[in-house]
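Let's work through some exercises together. Keep the sequence and the 3D view open, try each task yourself, and then follow the solution.

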Amino acid sequence: MQVKTFKGGTHPPEKKELAKDVPIEYHLSPKQVVIHLNQHTGAPNQPLVKVGDKVSRGQKIASSEGKLMIPHHASICGVVKKIEPRPQANLQDGVAIVIEADGRTEEAFLPPLDPFACTRAEAIERIKEAGIVGMGGAGFPAWMKLSPPPTKPIDLVIANGAECEPYLTIDYRTLKEQAPSVVYGLGVCLQVLGVKRGIIAIEDNKIDLVPILAEAVTDFLKGPGAGKGFDISIRVLKTKYPQGGEKMLITALTGREVPSGGLPMDVGTVVQNVGTLKAIAEAFLQGKPLIDRGFTATGSACKTPKNLVVPIGTVLSDLIPDVIQIGEDLRRVIFGGPMMGVSVPTLEIPIQKNTSGVVFMDSREALVYEEGTCIRCGRCIQACSCRLSPALLNEAILANDWDLADKLGLLDCIECGTCSYVCPAHVYLVQRFRVGKLTLRAVKAAKTKKGGN
Amino acid sequence: MAEKPRLLLSSSPSIYSGMNVQRLMLFVIIALLPTTLYGVYLYGMPALTTVLVSILSCVFFEVTFRKLTKAKQNYKDLSAIVTGILLALVLPPSTPWWMTVIGALASIVVAKEFFGGLGHNPFNPALIGRAVLLMSFPAALTTWHKPFQAIADATTTATPLNIIKLGGTLSDVAQSLGVTQPADVYLTLFLGNRAGCIGESSILLILVGGIFLLATGTIRIITPLSMILTAFLFSLLLGMDPLFQILSGGLVFGAVFMATDYVSTPLTPKGKILFGVGAGIITMLIRKFGGFPEGTSYGILIMNAFTPYLNTLVTKKYGYVSGRNNP
């Protein structure tokens, strides 16, 4: 099998050995959950419940009318205690519904639905009603990806199991332990989109999954996916960061490049994280909304690196110390992986729909560097996954030359952080680009406005 | 009870490759060691003195300048040491020590610190040092000695490039190198037992250093390759002996250690190729038509001036393919 990849990228230490071989543990009865209204791309939801209401696991508690509408559900049975702003992994500290467990075990799930028998509209409605968002990190509503406009024909669905972020192993464990669910979810996407070709993509550090996935695919094609003409293959990619980025994944597998400012659907592809596919499968097979999720708790300051499934909204500090034990020397907590994850100021933060891991770092590992001067070594240019020139972009931003920054492709930066990772002078490259993108958008908007007068 | 240290907050990434400027400079120093030691072996104390004086003055000037201008001290990044070694290696072994000091002053203060220090210098500091000395003391900078002879009382000689420049033949070079067959000239030049600057003579040891730099990922092969290839083809075009042109003078040294200087050469792959092409052509034009027998340092310095333009030749960005590239 030919191992493919994209141009650029880097090889951070994987550190996946910490939690790779620890089977997923289920801890589904926290004493409370904190469910934020804005844990997805799109307008924040409005609560459908009020303080004092009794809610059951799976009950819809928040929704909105917006275009990117995605509802949220109660992940435990309990009583709504508060609706107020709470600390959040994206540091926005948005409004959250706080539910205190009351010991009941009722489940208010949707009725099971056969995705291969129902209409396309019914299937999309189900995925939407189940509140499923991209679980790899971005939090983009899954149903949106499955509803491309007719002008954008799709011919390929990719199950993203690359998991290129160091430390994180939840996608690996999900594929290892629940391959049939993931394959079923992929089948649902193929069915909904009317596409025949599906690919399950993994990096070659997870090559032991190939026989497991092959068996799951064979079973699916003989079972629920029989007679549909599906062509599902397993593809192994080079282990390289950021191989799991949608654009890099598509290019490695198909040679197509997502156009600047475009989406995967512009090149006929849809990419879904394997955790998302598992959630889609459960939404049909069990009628279960997205109320639990897996994540990896790991890092140098984590005494118990492991993979967990908890109800969404479980507060990190409630898992400590019964489930996760933390060393004395804790200096950094990252929601997500170390390359793109967000460092948070407190442990009072709930696991969200897009929390793929929590990395605890001790003082030896948690380092910050003073910014040095660019020595123009060009490492960032070699490593940039979007073939941009970070060193030159940095200069343009420092000079406030927004036309040049735009020309150099600032808005094409996917913020993967590879440039900052490889920079020997510790120039704050991706950090400056994040802020720079916002400024450039504002500058452009101001210009358009002026032009209109 | 002592307050618990607060959690560290910073924008991702939260891990780094571990590569830093100091380590890169150390790699360059290590790569320069073989040819430096060989230079000292060929020319003895005068060469060693030049190297040490150059390093010490470069570090001294950097530290003093930064102290006087109340700038942050950067000597730990080792870049002044690299400049010091590079400057010494492109000087004749008999250079008086005070000239070396002046060269170091030009390199560090004029070429580097006046522009803001490491990362900001448009021209290669060591080559500026050499250029200033060559203009100020042309006689001393073109006085050469045969290897393994005490410089104080030995007669001077001509470099192989000198001999050719003055209309000599390969046989004349062979005679000067003390080999019988003109064909042996190439091997002798490759191994390095000839008159010239301290560090430029042994192509073999320069390549050893270059391979180390490539293996550690310190430099990329693009610029040296395009410079040497261009010089080869262009000298052929000018009716010169291309192999002799490559093996003599400072071409390979310049291509490996000067044209790969981070700050003064282009960042982009396309820019690197054109830099090498330009430097190769200018070097050969000077050797063929110019007033000096050697043109490598000016070839690189002139191309340094083109670097800002060459940096605008960026690679095609991701996502700018025309049309929808479906299978």
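**Before you start**

This is a predicted model, in which local features need pLDDT of at least 70, side-chain atom pairs count only at pLDDT 80 or more, and totals for chains, interfaces and linings use all residues. Residues are numbered from 1 along each chain as its sequence is written, while chains are lettered from A and ligands numbered from 1 in the order in which they are written.

**Exercise 1. The overall form of chain A**

Task: Find what radius of gyration a compact globule of 453 residues would have, and compare it with chain A.

Solution: 
- Step 1. The radius of gyration is taken over C-alpha atoms, and the globule rule is 2.2 Å times the number of residues to the power 0.38.
- Step 2. For 453 residues the rule gives a value near 22 Å, and chain A has 22 Å, so the two agree.
- Step 3. Along its principal axes, the C-alpha trace of chain A spans about 60 × 55 × 50 Å.
- Step 4. The secondary structure of chain A comes to 11 helices and 17 strands (DSSP runs numbered from the N terminus: H or I of at least four residues for helices, E of at least two for strands).

**Exercise 2. A covered strand and its partners**

Task: Find which strands pair with strand β15 (residues 330–335) of chain A.

Solution: 
- Step 1. β15(A) is mostly covered, with 6 of its 6 residues buried.
- Step 2. Strand β17 (residues 357–362) of chain A pairs with β15(A) in the antiparallel sense over 5 bridges, and here Phe335(A) stands opposite Val358(A).
- Step 3. Strand β16 (residues 342–343) of chain A is joined to β15(A) by 2 bridges, also antiparallel, and the bridge partner of Phe335(A) in β16(A) is Val342(A).
- Step 4. β15(A) and β16(A) form a hairpin with 6 residues between them, and Gly336(A) in the turn has a positive phi of about 105°.

**Exercise 3. A helix in chain B**

Task: Find how far helix α11 (residues 222–237) of chain B should span.

Solution: 
- Step 1. The expected span is 1.5 Å times one less than the number of residues.
- Step 2. For the 16 residues of α11(B) this gives 22 Å, and the end C-alpha atoms are 22 Å apart, which agrees.
- Step 3. Buried residues of α11(B) include Met227(B), Ile228(B), Ala231(B) and Phe234(B).
- Step 4. Residues three or four places apart on an α-helix point the same way, because there are 3.6 residues a turn.
- Step 5. The cover over the buried residues of α11(B) includes α10 (203–215) and α14 (269–289) of chain B.
- Step 6. Just after α11(B), Gly239(B) takes a positive phi of about 75°.

**Exercise 4. One residue in chain B**

Task: Decide whether Val90(B) is buried or exposed.

Solution: 
- Step 1. Locate Val90(B) in the loop between α3 (79–89) and α4 (97–112) of chain B.
- Step 2. Val90(B) has 31 other C-beta atoms within 10 Å, so it is buried.
- Step 3. Leaving aside neighbours within four places in sequence, its contacts include Ala126(B), Arg130(B) and Cys197(B) (C-beta atoms, placed from the backbone, within 7 Å).

**Exercise 5. Where the chains meet**

Task: Find how many residues of chain B are in contact with chain A.

Solution: 
- Step 1. 35 residues of chain B are in contact with 53 residues of chain A.
- Step 2. By class, the chain B side has 19 nonpolar, 13 polar and 3 charged residues (Ala, Val, Leu, Ile, Met, Phe, Trp, Tyr, Cys and Pro count as nonpolar, Asp, Glu, Lys and Arg as charged, and the others, Gly among them, as polar).

Key: Contact = placed C-beta atoms within 7 Å. Buried ≥ 20, exposed ≤ 12 C-beta atoms within 10 Å, placed from the backbone. Pairing = 2+ DSSP bridges.
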